[in-house]
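Please keep the sequence and the model in view while reading.

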Amino acid sequence: MLKNFFKFEFYSYWRNVDKNILFGFFLLFFLGLFFSFSSTSSLAGERLNKTYYFFFSKQLAFTILALIIMFIISAIETSLLKKIITPLFVIFFLLLILVPIVGVEVKGAKRWLNLYFFRLQPIELLKPFFILATVKILTLEKLQNSQAKYLLSFLLLSSIIILLIDQPDLGQSILLTGSWIATVFVSGVSILYIFSFLIVFIILISSVLFFMPEKFGYIINRLITFIDPSKGDNYSQSSKALNAIKQGGIKGQGMGEGILKDEVPEAHTDYIIAIISEEYGSIVSILIITIFLYIAFRIIKSCIIKNDESLKLSLCGLASLLIFQTFIHVGVNTSLLPTTGMTLPFLSYGGSSLIGSAILAGIILNYTKNELDFYD
């Protein structure tokens with residue numbers, strides 16, 4: 001009986017899930033695991049005096065956990081998922097509040113909570129639920145004819161941005177702001193409102209930089225280094241990443257032959273696309289970016305056939321979150337954007353990043369399922 005139940009559930013899941021998106025996420029997880037070994041083996045074996053499989057084994061464990069999380073989220077009833085959005089958002093938001101109180105400081109930034117087995121970065125888990133919480137506000141029946149919903153969603157964004165700036169984490173702040181703008185724009189807000197909120201946001205950020213230069217002066221330094229790399233410390237990391245991409249050319253230097261992972265700290269997280277380009281060639285990096293774009297295309301295509309307004313907005317917001325993060329990472333690696341410390345979803349090394357990507361993937365797969373019971 002139990003065997004038949006699970007068999008039925010599996011066939012039901014397989015029949016309804018968007019297999020193109022699922023295969024795309026699977027491919028990204030696999031590539032992330034492969035490139036993790038390629039980019040961390042020498043770091044573990046030669047510089048940290050650990051086994052060559054030290055980082056890879058940890059990444060493998062997190063990948064398995066991430067896949068389980070993705071499947072669980074994608075398989076549960078959409079109506080149930082909608083009901084637990086608010087509680088999960090509150091939990092992850094409280095974890096973000098705990099960061100400045102009991103968080104672990106690494107290289108001048110306090111972004112992580114020490115959970116003994118690994119360090120958790122709460123914002124990675126919060127990001128997808130921020131989009132869903134924003135959509136929930138925008139689609140509240142009581143606020144349908146009121147502009148207050150945009151103000152409330154902006155206040156929600158601002159509360160998270162304040163906590164991120166304190167860490168400090170400029171990259172995630174920019175990512176959430178861009179994703180919020182895309183979500184409210186698709187919801188039909190007037191451009192005037194968006195510009196008004198942006199002006200307020202810029203004034204607040206400028207005020208913080210002006211009145212607290214000792215804490216946030218690094219932002220100005222990064223902008224100066226971005227404009228003139230020669231003024232950076234020991235040549236800017238982004239410039240080294242760009243040179244690595246140039247060295248790789250179309251075909252790459254070969255597996256393990258890249259030097260960027262030995263020259264730039266945390267290259268296997270913040271500069272993974274540059275490492276891939278250096279060792280395997282720009283053609284592989286282009287194919288990876290194409291996978292992200294194809295997934296986004298499938299998500300937007302799914303939006304067109306949905307009748308539920310909250311599903312449409314959620315999918316658009318989640319797609320923008322995925323694509324914006326991808327291109328911020330690529331932009332930093334190619335010196336088109338200032339250094340932000342932004343990971344590449346699914347491919348960068350790190351447990352928090354992988355789990356956050358799994359949550360995002362699970363929600364997308366859940367919302368794009370071809371089921372009649374979507375509507376609650």
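Helices are DSSP runs of H or I with at least four residues, and strands are runs of E with at least two, both numbered from the N terminus. The expected span of a helix is 1.5 Å times one less than its number of residues. The model is predicted, so local features need pLDDT of at least 70 and side-chain atom pairs count only at pLDDT 80 or more, whereas totals for chains, interfaces and linings use all residues. Residues are numbered from 1 along each chain as its sequence is written, and side-chain values use heavy atoms, with hydrogens and water left out.

**Helices and their buried residues**

- Helix H3 (residues 54-75) has 22 residues and should span 32 Å; its end C-alpha atoms are 32 Å apart, which agrees.
- A residue is called buried under 20% relative accessible area, exposed over 50%, and partly exposed in between (1.4 Å probe, protein chains only).
- In H3 the buried residues are Phe55, Gln59, Phe62, Thr63, Ala66, Leu67, Met70, Ile73 and Ser74.
- Seen down the axis of H3, these buried residues fall within an arc of 150 degrees, so they line one face of the helix; the arc is that of the directions from the helix axis to the C-beta atoms.
- An α-helix has 3.6 residues a turn, so residues three or four places apart point the same way.

**Salt bridges**

- A salt bridge is a side-chain nitrogen of Lys or Arg within 4 Å of a carboxyl oxygen of Asp or Glu; by this rule there are 3 salt bridges.
- One of them joins Arg298 to Asp18, with the closest N and O atoms 3.2 Å apart.
- Arg298 lies in helix H15 (residues 282-304) and Asp18 in the loop between helix H1 (2-16) and helix H2 (19-47), so the pair ties together parts that are 280 residues apart in sequence.
- Arg298 is buried at a relative accessible area of 17%, and Asp18 is buried at 11%.
- Asp308 and Lys82 form a salt bridge with an N to O distance of 2.8 Å.
- Asp308 is in the loop between H15 and helix H16 (309-333) and Lys82 is in helix H4 (residues 78-83), so this pair ties together parts that are 226 residues apart in sequence.
- Both Asp308 and Lys82 are buried.
- Glu124 and Lys127 form a salt bridge, their closest N and O atoms being 3.1 Å apart.
- Glu124 and Lys127 are 3 residues apart in helix H6 (residues 122-138), a separation of about one helical turn.
- Glu124 is buried at 4% relative accessibility, and Lys127 is buried at 3%.

**Aromatic pairs**

- A pair of aromatic rings is described by the distance of the centres and the angle of the planes.
- Rings of Phe, Tyr and Trp (its six-membered ring) pair if their centres lie within 6.5 Å; planes under 30 degrees apart count as stacked, over 60 as edge-to-face and the rest as tilted.
- The structure holds 11 aromatic pairs.
- The rings of Phe29 and Phe346 have centres 5.0 Å apart and planes at 90 degrees, so this pair is edge-to-face.
- This pair links distant parts of the chain, with Phe29 in helix H2 and Phe346 in the loop between H16 and helix H17 (351-367), 317 residues apart.
- Phe29 is buried at 2% relative accessibility, and Phe346 is buried at 1%.
- The rings of Tyr294 and Phe297 have centres 6.4 Å apart and planes at 35 degrees, so this pair is tilted.
- Tyr294 and Phe297 both lie in helix H15, 3 residues apart, or about one turn of the helix; Tyr294 is partly exposed at 34% relative accessibility.
- Phe25, Phe29, Phe292 and Phe346 are linked into a cluster by ring pairs.
- Phe346 has a phi near 75 degrees, a positive value in a residue other than glycine.
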